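Please read these numbered points with the model open beside you. They begin with a single residue and go on to the contact between two chains.

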There are 2 protein chains.
Amino acid sequence: MVKNRLIVALDLYDVERALGLIHEIGDNIYGAKVNWPLIMSEGIGVIRKLSKETKVICDLKLADIPNTVRLITEKAREQGGFGIITHSFTGSDSLSAVVRSAGPMKVFSVVAMSHAGSSEFITPSMDSLIDISMDAGVSGFIAPGNNYEVLRHIRKRAGKLTILSPGVGAQGGDPSLAIRNGADFIIVGRSIYNSENPSNTVRQINNSLKGVF
Amino acid sequence: MVKNRLIVALDLYDVERALGLIHEIGDNIYGAKVNWPLIMSEGIGVIRKLSKETKVICDLKLADIPNTVRLITEKAREQGGFGIITHSFTGSDSLSAVVRSAGPMKVFSVVAMSHAGSSEFITPSMDSLIDISMDAGVSGFIAPGNNYEVLRHIRKRAGKLTILSPGVGAQGGDPSLAIRNGADFIIVGRSIYNSENPSNTVRQINNSLKGVF
């Protein structure tokens, strides 16, 4: 059984600070999510550095033609990434190109998001986005941890696939409610790295999840 | 009047090769488009290096929550990018966040794409994507240079906004037909950088556009 259900979002722009945080909380998290701003600040090698310490999920929100997403995915794979996050609204061929080039990396498909604007185009397409993602053979989905109705719906559709849920903590989602409503893993950023005592915050979140799963 | 209507897509992974190409053809192009694979290989500083030689359009296909696209846009702006390419599918708030943080950079919104999978979700939403992009105050649109029907439609809707069209050359679009059907600028990659004589290829393309605009 997986011990930890917590993924830290490293929305920081300094690899030393990110590594320091992982050294502090690494034993009590499942992994870390890395986004473009950190990669832009520190270079792609940040994935390799962090991958030596924890499982790194590359939150690259891929949304390009098949050849380009293939090239980006291969570069994340070369760095030892554990997982990669791709959009699905660019269609079946782009999604399949990511899955084919991901190798051992797990591919997580965005089928709903946590910001207001996602209700305009993405949420109305959610069921079709889930369909093409399952057809492409993804490992799991990104689903909002601050929208329990959407989360429950995706849980019903996802079967045994994994659901990662951002939007927990500063964006309003509650850790145990997100898990109860279908998330396998919750992604928490600011509440942890802006905490005066990240270890304590991680312990509190983990304690709040005891008995939930 | 703008002298050149040609933007080279630097889908290369080596900054020296990219700079060499710009030194060779820089006087006969409008600018260069840079995508994530080159940034992943060479670091974000590649935007600054190339910006000293030509206008750089950062093809980052932004597709994230407002706070994240703001951070990415600011980093492109710090490097002296001339323009930035964002998706619109993630909704009005993300799009507005890009426009607000772009400063002097021109923002080009993807409202149609050149690959088959874009017909699944993006093309059916095209008119609404154009609407929210115009409301957000973008400088222009990305429209496929290999799909003249879609290109003409976007031209009609775009008014005086600028249209950049990829998909020309290796992906099947014809330079002069793309311009005749509504593109202000055509984006050509492989046909130029894989050419034995890039200067000649650029000259041929520019000659084929004489009298078209």
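1. Ser195(A) is buried, at a relative accessible area of 18%; buried means under 20% relative accessible area, exposed over 50%, and partly exposed in between (1.4 Å probe, protein chains only). The residue sits in the loop between helix H9 (190-193) and helix H10 (198-208) of chain A, where helices (H or I, at least four residues) and strands (E, at least two) are DSSP runs numbered from the N terminus. The side chain of Ser195(A) reaches the backbone nitrogen of Asn197(A) at 3.0 Å. Not counting residues up to four places away in sequence, Ser195(A) touches Arg190(A) and Thr201(A), contact being heavy atoms within 4.5 Å.

2. A word on the source. This is a predicted model, in which local features need pLDDT of at least 70 and side-chain atom pairs count only at pLDDT 80 or more, while totals for chains, interfaces and linings use all residues. Residues are numbered from 1 along each chain as its sequence is written, chains are lettered from A and ligands numbered from 1 in the order in which they are written, and side-chain values use heavy atoms, with hydrogens and water left out.

3. How many residues of chain B are in contact with chain A? There are 41, and they meet 41 residues of chain A. The area buried between the two chains is about 3,200 Å², with carbon and sulfur atoms giving 68%; buried area is the accessible area (1.4 Å probe) that two parts lose on being put together, summed over both. In chain B, Met40(B), Phe89(B) and Phe121(B) lose the most area to chain A, together 23% of what that side buries.

4. Across this interface there are 14 residue pairs in polar contact, both residues at pLDDT 80 or more. A polar contact is a pair of N or O atoms within 3.5 Å; within protein, one must be able to donate a hydrogen and the other to accept it, and residues adjacent in sequence count only if both atoms are side-chain atoms. Several elements of chain B each supply at least two residues of the side that touches chain A, among them helix H2 (36-42), strand S3 (55-62) and helix H5 (92-101). The largest share, six residues, comes from H4(B). That side of chain B divides into 19 nonpolar, 16 polar and six charged residues; Ala, Val, Leu, Ile, Met, Phe, Trp, Tyr, Cys and Pro count as nonpolar, Asp, Glu, Lys and Arg as charged, and the others, Gly among them, as polar.

5. Two salt bridges are counted between chain B and chain A, a salt bridge being a side-chain nitrogen of Lys or Arg within 4 Å of a carboxyl oxygen of Asp or Glu. Asp64(B) pairs with Lys61(A) (3.2 Å, N to O). Lys61(B) pairs with Asp64(A), their closest N and O atoms being 3.2 Å apart. Lys61(B) lies in strand S3 of chain B and Asp64(A) in the loop between strand S3 (55-62) and helix H4 (66-78) of chain A, so this pair joins two chains. Lys61(B) is buried at 12% relative accessibility, and Asp64(A) is buried at 5%. Lys33(A), Asp59(A), Lys61(A) and Asp64(B) are linked in a network of salt bridges.

6. Over all chains, the whole structure has 14 salt bridges. One of them joins Glu74(B) and Arg70(B) (3.3 Å, N to O). These two residues are four apart in helix H4 of chain B, so about one helical turn separates them. Glu74(B) is partly exposed at 27%, as is Arg70(B) at 31%.

7. Arg157(B) and Asp131(B) also form a salt bridge (2.5 Å, N to O). Arg157(B) is partly exposed at 27%, and Asp131(B) is partly exposed at 36%.

8. Which residues of H6(B) are buried? They are Met126(B), Leu129(B), Ile130(B), Ile132(B), Ser133(B) and Ala136(B). They pack against H5, strand S5 (106-110), strand S6 (140-142) and helix H7 (148-158) of chain B. Just after H6(B), Gly137(B) takes a positive phi of about 85 degrees.
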